[in-house]
Amino acid sequence: MLDTHPSVITLSDVKFSWTSGTPVLDIRELSIQRGEKVFIRGPSGSGKTTLLGLLGGVLTPELGSVSVLGTDLAQRSSAERDHFRAEHIGFIFQMFNLIPYLSVIDNITLPLSFAKNRQAAVAKTGRSKKEEAIRLLKHLELDDPALLTRSVTELSIGQQQRVAAARALIGQPDIVIADEPTSALDTETREAFIQLLFTECKAAGSTLIFVSHDATLESLFDRSIALQELNKAATPAKKTVEVPWCLL
Amino acid sequence: MSVMKLAYQSLKNRRTTALLTIFSIAISVALLLGVEKVRVEAKNSFTSTVSGTDLIVGARSSSLNLLLYSVFHIGNATNNITWETYQDLSSDPAVAWTIPISLGDSHKGYRVVGTSQDMFKHFLYGDKEHLSFVDGKPFNDVYDAVLGSEVAQTLGYHIGAQIALSHGIEKKSLQSHDDKPFHVTGILAPTGTPMDRVIMISLGGMEALHIDWVNGAPPVAAFAISAERARAMHLQPSSITAYYVGLKSRIAAFRYQRSVNEYRQEALSAILPGVALGELWKLVGSAEKALLVVSGMVVVAGLLGMLTTILTSLNERRREMAILRSVGARPWHIFVLMITESLIYGVVGTALGFAFTYGLLFAVQPVVQSYLGLHLAITLPGQFESLLAGLIVVGATVLGAIPAWRAYRNSLADGLTVRI
């Protein structure tokens, strides 16, 4: 990218609330550098969904600015933000990432039809969309040709997540946002998946933002951010009060 | 992957409900098209029960009554026309041909029509078609009879069969003409007109049946005249019931009608059969409109069924929409995706409905033609059909805008994650 700004994402004095008066997100400052692998630890209630919505341009902050790749998203129209998201961000979600009625290849190449720059990035490699999808699958260790003909709903969850990763990575987006992508995987496949993700992000030159509540993964990343500490509006974890039996 | 292709793939994934929805639209469209087809053809067939005849002349009565007894053989004439009057009026220079008809006798409930050879030469029905024979030939002898197709089929008569006619038109006639039996010489092809239900004999035969009758009563045995003796007698009828007129030029129709209506010697009426048939159809044809309205409602029900199907699918497709949004689909993509689905339902449903209709037409046309004499013309879709197809597709799209708008709202609210 031509943008030489070292910071890929900059949040400053961002406030957001679903209903006015009760903010769910209040971040003074957050900066993520190009090429960084950032782990954001966020249990439920920490404002994780809201933060991802802001980064993806689905939500706009009430106050403050969300700057992604030098573009202040709050200043853009919703159509422009949609366009921006399509061109620069690849998403991987917790589960049910894939469109059930599309083939593996069609699922992976889906973002290309909404983002011309990513389509151009694939074209520059000299490979067809399908070849690029197969190349990514191979890198993610899903090179069994039988998989390609199978319906995505017949894949195991681990396989589905790797297909979703290939979709997020195709066309080399600047940012890959992964929202709990490993929570449905077992411990052995979890780390392998993350390592594959790292390798591919590095190859694509993408910044990786990895959101999870699983602190055991933290050590694999360049940097870890605890969202509860960052977000001043985070609701503290509820303390359970034990009621003695005799009072019931 | 275009949004259109996505919509198609998505429908393919839900093919059972999609196919059922398409079927229900197709069946409703086929029903409406079929009803309209039969309606139009029945009307055409009815109003062309008599075609090519310019006027029908009978004793003075209302045009409907004259039409009913002269064409449909329902009810009775108020009076007869004397042979002299018939001769006088048919010698008018404007007249090209006439067909006399004489009614009053029957056979097992079927009316006997005494007429002349001109019936087979000049009478036209439907699309200007002549009466044709499936078997045999026109009557020639005094005691020859030609049967309508229904008569022959119901009573099981073949060429050469001997039949005894009855006096009067009651099914169980007390007075039989069994002294003068008739021979079947010809059987007509089905016409889909009252001609299927008549027995045609010559005017001479009609006269021979009644030659020994006095004042409408059968002869006592001593004065009875045998069939063979009657044949040798002068069989000039003294009167006829009505006659059909073909003019040299249709321009003369009103002048001739007036000259008949104002005929001094006898009280007569002349009617334009096309006009009278049209009036009669208005009377009996209101049921067909009700049928058309009902089938229109079925189409509306089909489209509402489609709306229900799409609306119920919306909730389970919210995740699909969220995924599409996350890979870069704009909300209007979602709107187009949903409305494309309705468009596919509308277009495929309508096309399939047309296919059903034409398939059915091809299958039943020969059967309907031979059993009912109703000719269902297979033609390219006309104005009504095109308009209907357009309306259904537009209707489906307009209805489809409702779920499309809801999906659009949902996808704006849901963003990348589904909150339910």
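Reader: In which strand of chain B is B:Ser106 found?

Author: B:Ser106 belongs to strand E3 (residues 95–107) of chain B; helices (H or I, at least four residues) and strands (E, at least two) are DSSP runs, numbered from the N terminus. The model is predicted: local features need pLDDT of at least 70, side-chain atom pairs count only at pLDDT 80 or more, and totals for chains, interfaces and linings use all residues. Residues are numbered from 1 along each chain as its sequence is written, while chains are lettered from A and ligands numbered from 1 in the order in which they are written.

Reader: Is B:Ser106 buried or exposed?

Author: A residue is buried if 20 or more other C-beta atoms, placed from the backbone, lie within 10 Å of its own, exposed if 12 or fewer, and partly exposed in between. B:Ser106 has 20 other C-beta atoms within 10 Å, so B:Ser106 is buried. Its C-alpha atom is separated by 26 Å from that of B:Gln87, which is 19 residues apart along the chain.

Reader: In what order do the five strands of the open sheet in chain A stand?

Author: Strands of a sheet pair through backbone hydrogen bonds, either parallel or antiparallel. Here two strands pair if DSSP finds at least two bridges between them. In chain A the order is E6-E7-E8-E3-E9, with parallel pairing. Strands E6 (89–92) and E9 (223–226) of chain A each have a single partner strand, so one side of each is left without a neighbour in the sheet. From one strand to the next, the twist averages 20°.

Reader: How many bridges join E6(A) to strand E7 of chain A, and what lies across E6 and E7 of chain A?

Author: Four bridges join E6(A) to E7 (residues 175–179) of chain A. A:Ile92 is opposite A:Ala178 in E7(A). Helix H7 (residues 157–169) of chain A lies across both strands, at about 170° to E6(A). Axes are lines fitted to C-alpha atoms, for helices over the stretch in contact, and angles run from 0 to 180 degrees between N-to-C directions.

Reader: Which residues have a positive phi although they are not glycine?

Author: Most residues other than glycine have a negative phi. Among the exceptions is A:Gln172, with phi of about 45°, in the loop between H7 and E7 of chain A. A:Gln172 is buried, with 21 other C-beta atoms within 10 Å. Another is B:His73, at about 55°, in the loop between helix H3 (63–70) and strand E2 (81–82) of chain B. B:His73 also counts as buried, with 20 C-beta neighbours inside 10 Å.

Reader: Which residues of helix H1 of chain B are buried?

Author: In H1 (residues 3–13) of chain B, they are B:Val3, B:Leu6, B:Ser10 and B:Leu11. Their arc, taken from the directions from the helix axis to the C-beta atoms, is only 130°, so they are on the same side of H1(B). Their cover includes helix H2 (15–47) and helix H13 (331–372) of chain B.

Reader: How many residues does the contact take from chain A and from chain B?

Author: Residues are in contact if their C-beta atoms, placed from the backbone, lie within 7 Å. Chain A gives 24 residues and chain B gives 17 residues. On the side of chain A that touches chain B, the elements giving two or more residues are helix H1 (48–55) and helix H2 (78–88) of chain A. H2(A) gives the most, with four residues.

Technical notes: Two residues are in contact if their C-beta atoms, placed from the backbone, lie within 7 Å.
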